Amino acid sequence: MSDMTFTLTDEQRALKTAVYELCKQYPPEYWRDLDAKREYPEAFVTELTKAGYLAALIPPEYGGAGLGMMEAAIILEEINHSGGNAAACHAQMYIMGTVLRHGSEAQKTLYLPKIATGELRLQAFGVTEPNSGSDTTKLQTTAIKKGDRYVVNGQKMFISRVLQSDLMLLLARTTPVDQVRKKTDGLSVFLIDIRGLKGLEVRPLRMMMNHSTNALFFDNAEVPAESLVGQEGKGFAYILDGMNAERILVASDSLGDGRWFIEKAVAYAGQRVIFGKPIGANQGVQFPIAKAHMAIEAADLMRTKAAKLFDAGLPSGPEANMAKYLAAEAAWDAANACIDAHGGYGFAEEYDVERKFREARLYKTAPINNNLVMAYVGEHVLGMPRSY
Ligand SMILES: Cc1cc2nc3c(=O)[nH]c(=O)nc-3n(C[C@H](O)[C@H](O)[C@H](O)COP(=O)(O)OP(=O)(O)OC[C@H]3O[C@@H](n4cnc5c(N)ncnc54)[C@H](O)[C@@H]3O)c2cc1C
């Protein structure tokens, strides 16, 4: 087994510092302004791509850095730790694995080098639907093969970064559910080029935070048959296969948020003087911050364990799920401790606490709800009866 210690290597520490320093060039005003306008951080994502960070998981033979999950996790954590929002680009990292593991050589050669340089963006992942939600196998979008094309019909809900991406990974049903042995069969993954795709309507949704999220309507949208990733009907397994990476990376987003909240809360609690002393001297202010810090540190251990197991090619499902849950909850506790410590100023936009508060809340709900993580742990880790 490779390195299972919890300290970072010199290279990882250097990466952490370099990412943090790059991110710090994008000040709070940058993110605040984009948040108010609900605009995509084009300049930030372009710079991050040019620096090679978004191609961390792409192997060198396709133009990427060929780094591991631990490095990808560090990159996302530091974006959020700096006060930015990794949501603008994290999906590219977690959907990359599906293409790498199951994509054809032609797909990889065609797309990966261009994704690595930033010529193409793959940041859209189309799974959720209005009528299926967490129950993915009930999705109703269909892709029916007609000659050398698949014809896609249906709706997707809450699909992020579609207008900022050139490519989307799409999950659709290729065989009706009543014609398959198991409901998980008959779903297929497509890597589709969405630039000017006829029959795809994108309706932006204004969400609680700046997330470039949309409702999608496919009306006889035709995609080339070569867009299919791997084997037809096996898509659910391919998506599940990528879930551990997704959980580890989203946990890292949350850890970065959590660290930002703790630093911000500690700084404010130390300098705000009320009743003649810094508010941080009061246990009512200090203890929630200390408690959240401990939870962040514990979640970090679980995230790091999950990433190292993943990088060693060992099973990491329980650890990846637990890391996602623990980090999202810890970040939310840190968000509440931080907003409480700031009193009324926590609600003022110029302090950024309310923006990060909104951003951190998402990860208790998406990309997977923490209830479903508990159901996974209850059923698959502890062997209790299935609830759904
Ligand atoms: C800002 C944002 C961006 C998103 N981006 C994307 C994206 O890019 N691509 C994409 O595919 N999706 C995206 N999503 C969708 C997200 O993944 C879903 O919202 C999430 O998976 C939950 O699905 P749902 O909203 O339909 O909730 P539902 O599945 O309807 O669940 C509603 C509530 O019921 C609970 N619940 C349901 N079943 C059970 C059960 N058996 N046991 C216990 N509790 C249960 C859930 O935990 C939740 O609290 C995004 C969502 C948001 C908010």
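Why do the end C-alpha atoms of helix α9 sit 41 Å apart? Well, α9 has 29 residues, 283–311, and at 1.5 Å a residue they should span 42 Å, so the 41 Å agrees. That expected span is 1.5 Å times one less than the number of residues. When I say helix or strand, I mean a DSSP run, H or I with at least four residues for helices, E with at least two for strands, numbered from the N terminus.

Quick housekeeping. This is a predicted model, where local features need pLDDT of at least 70 and side-chain atom pairs pLDDT 80 or more, while totals for chains, interfaces and linings use all residues. Numbering runs from 1 along each chain as its sequence is written, and side-chain values use heavy atoms, with hydrogens and water left out.

Now the polar contacts, meaning N or O pairs within 3.5 Å. A polar side-chain atom of T128 lies 2.6 Å from a ligand nitrogen. For the side chain of S160, an N or O atom is 2.9 Å from a ligand nitrogen, and for N371 the distance is 3.1 Å. Alone, the ligand exposes 970 Å², and the protein buries 68% of that (Shrake-Rupley, 1.4 Å probe).

Most residues other than glycine have a negative phi, and most peptide bonds are trans. F158, in strand β3, has a positive phi near 60 degrees. A cis peptide bond joins A366 and P367, omega about -5 degrees, and P367 is in the loop between α11 (353–361) and α12.

Key: A polar contact is a pair of N or O atoms within 3.5 Å; within protein, one must be able to donate a hydrogen and the other to accept it, and residues adjacent in sequence count only if both atoms are side-chain atoms.
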